[in-house]
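This report describes selected side-chain and helix arrangements in one protein model. Please consult the sequence and the structure shown here while reading.

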Amino acid sequence: MVTIRCGDTLLRLALIQGASVRELLDTTHLRVRASCGGNGSCGACCILLIHGACNPPTRSEWEKLTPAQRAEGYRLACQLRPAGPCELQLIQPAAPSPWKSIPPPELHHPPNTPPTPSPYPLGVAVDLGTTHLRITLWDRTAKRRIASRWGINPQEIHGADILNRLTEANRTPQRAAELAQLPREAILHAVRDMLARDLGEVTPMLKKIGQVMIVGNTAMLTLLAGTNTTPLLDPNAEHLPIHCQPDDPAAWQRHWEWPNAQITLLPPVSPFIGSDLLAGVVASQLPKGPPGSLLLDLGTNIELALWDGQTLYITSTPGGPAFEVSGVRHGMNAETGAIHRITRQHDTLTCHVTNGESPKGFCGSGLLDAIAVLRQQAILKPSGRFASPCSPNGYPLLPDYPHITVTPKDVDTFQRAKAACAAAMSILLQQARMTWSDLNHLWICGAFGNGINGLHAQQLGLIPPLNPEKLHSLPGAALQGCEMALLSPNGAQLFQQWLPVIHPVNLSTSTRFEEEFIQHLHLRAIGDIMPINN
């Protein structure tokens with residue numbers, strides 16, 4: 001672990017081989033001052049090394065730090081790469097920011113392809129999620145990712161539910177324009193933050209942005225474009241064309257001050273299937289796998305794709321806030337203080353907390369583990385009810401932290417999300433005339449899928465019982481597919497090539513979905529439920 005102190009803040013970060021202290025800190029709420037992208041030329045990221053194993057001072061540190069600073073133990077955070085446990089002190093942190101770097105496990109390696117010269121070499125990839133925005137800045141010529149950021153989708157002030165946002169945008173054209181402006185401003189701020197900290201220049205670099213690629217679910221793309229949302233509120237309009245391309249691209253470019261940027265919103269498949277799912281299909285190469293390959297993108301909106309060898313069956317269903325924990329009493333993002341894993345050995349529970357701080361709440365994977373442990377201990381019944389009445393404040397899972405509890409509403413929220421997911425999987429299998437035993441590979445996408453305990457997810461009936469080698473985590477799938485399109489000479493073609501084999505399944509018109517949903521509400525493994533009737 002790397003221990004970093006700053007005032008009253010204490011962080012314990014997992015050491016990543018080869019990563020600098022700056023890179024470790026940029027995934028947290030605490031950041032060093034910086035304006036050079038980590039090459040050591042600005043000398044702003046001074047940090048005091050108290051003790052620990054690390055690389056010797058680099059040439060940049062000899063040039064930027066005075067002899068007195070070096071004698072005291074100061075290093076440059078962007079040059080300092082821990083090789084083992086160490087302790088550091090940050091005295092002058094950068095100003096707080098709503099943007100954090102995306103953790104390395106959620107980013108894919110760029111392709112090893114020859115450079116492609118361009119007068120406007122910079123590119124931006126955006127995964128526009130209902131809850132979060134994930135954005136990366138690229139040098140498209142060198143195929144090099146310059147920086148990444150993630151943050152909250154500011155549209156959440158109009159509700160976590162997509163339907164609420166669509167209804168709000170449908171009230172007046174002015175309101176639609178306001179909802180479109182919120183994520184546009186957020187994208188602008190994230191890119192300016194990357195340019196300032198990772199390239200050291202902002203205004204000149206904005207003119208070098210030549211391409212912006214954006215993926216998202218259909219509702220998010222339509223809200224971003226500021227176009228008519230009425231068809232998305234009509235359950236009978238599934239075959240109507242969806243217009244989610246902006247009517248004001250020139251004005252959009254002027255507002256962003258990116259005069260040379262081609263802004264592309266990769267189009268959705270249908271009113272209920274967005275381009276983010278197709279991006280996941282592209283990233284996982286699902287149709288190139290064996291029959292029985294299934295992809296789950298778990299978020300506020302659950303999206304699924306099943307490949308049977310000839311047809312790609314795709315669908316989506318509202319998952320509610322459980323996987324993003326926005327509707328959970330002690331829910332929080334996967335950041336400092338979040339319980340992201342709970343393990344049980346005999347009667348002893350071990351709580352794993354992001355960055356080693358005292359626990360503040362549960363992120364999605366932590367909530368799943370908490371419910372699984374309560375079920376294992378028979379504190380929860382298969383129905384989701386507590387075996388004995390608990391406090392109105394919820395059940396304190398961790399005796400040392402009685403303020404962090406699991407409430408009956410939290411369990412109910414999770415049950416509804418996992419039942420919707422399992423029911424959607426069941427319907428797709430029926431469409432493909434397959435059974436649970438026909439599944440060969442399961443790709444779990446979305447931030448919730450990063451570090452998920454597969455055994456717990458199977459015990460609760462969130463995912464089918466498969467051998468561990470058949471489970472694959474691809475947390476940044478939508479962003480990865482978007483980046484692949486950004487770096488491709490014909491990015492849209494990566495998505496369009498699969499359209500001929502796609503068969504959308506509208507669950508809102510399915511006569512079996514409600515029955516399947518009810519059947520999967522209980523906290524039990526899918527194998528304990530009656531098999532599908534083909």
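Phe513 and Phe517 are both buried, where buried means under 20% relative accessible area, exposed means over 50%, and partly exposed lies in between (1.4 Å probe, protein chains only). Both residues belong to helix 15 (residues 513–519) and stand four residues apart, about one turn of the helix. Helices are DSSP runs (H or I, at least four residues), numbered from the N terminus.

The model is predicted: local features need pLDDT of at least 70 and side-chain atom pairs count only at pLDDT 80 or more, while totals for chains, interfaces and linings use all residues. Residues are numbered from 1 along each chain as its sequence is written, and side-chain values use heavy atoms, with hydrogens and water left out.

## Aromatic pairs

The whole structure contains four aromatic pairs. Rings of Phe, Tyr and Trp (its six-membered ring) pair if their centres lie within 6.5 Å; planes under 30 degrees apart count as stacked, over 60 as edge-to-face and the rest as tilted. The pair of Trp256 and Trp258 is tilted because the planes stand at 40°, with the ring centres 4.2 Å apart. Phe513 and Phe517 also form a tilted pair, with 6.4 Å from centre to centre and 35° between the planes.

Trp256 has a relative accessible area of 0% and is therefore buried; Trp258 likewise counts as buried at 0%. Ring pairs join Trp252, Trp256 and Trp258 into a cluster.

## Charges over rings

The charged end of Arg184 sits over the ring of Trp252, at 3.9 Å from its centre. Lys100 lies over the face of Trp150, 5.5 Å from the ring centre. Such a placement requires NZ of Lys or CZ of Arg within 6 Å of the ring centre and within 35 degrees of the ring normal.

## Helices 5 and 7

Helix 5 (residues 173–198) and helix 7 (residues 218–225) have axes that come within 6 Å and cross at roughly 105°. Axes are lines fitted to C-alpha atoms, for helices over the stretch in contact, and angles run from 0 to 180 degrees between N-to-C directions. Helix 5 is therefore roughly perpendicular to helix 7, a term covering 65 to 115 degrees; angles under 35 count as roughly parallel, over 145 as roughly antiparallel and the rest as oblique.

Terms used:
Helices (H or I, at least four residues) and strands (E, at least two) are DSSP runs, numbered from the N terminus.
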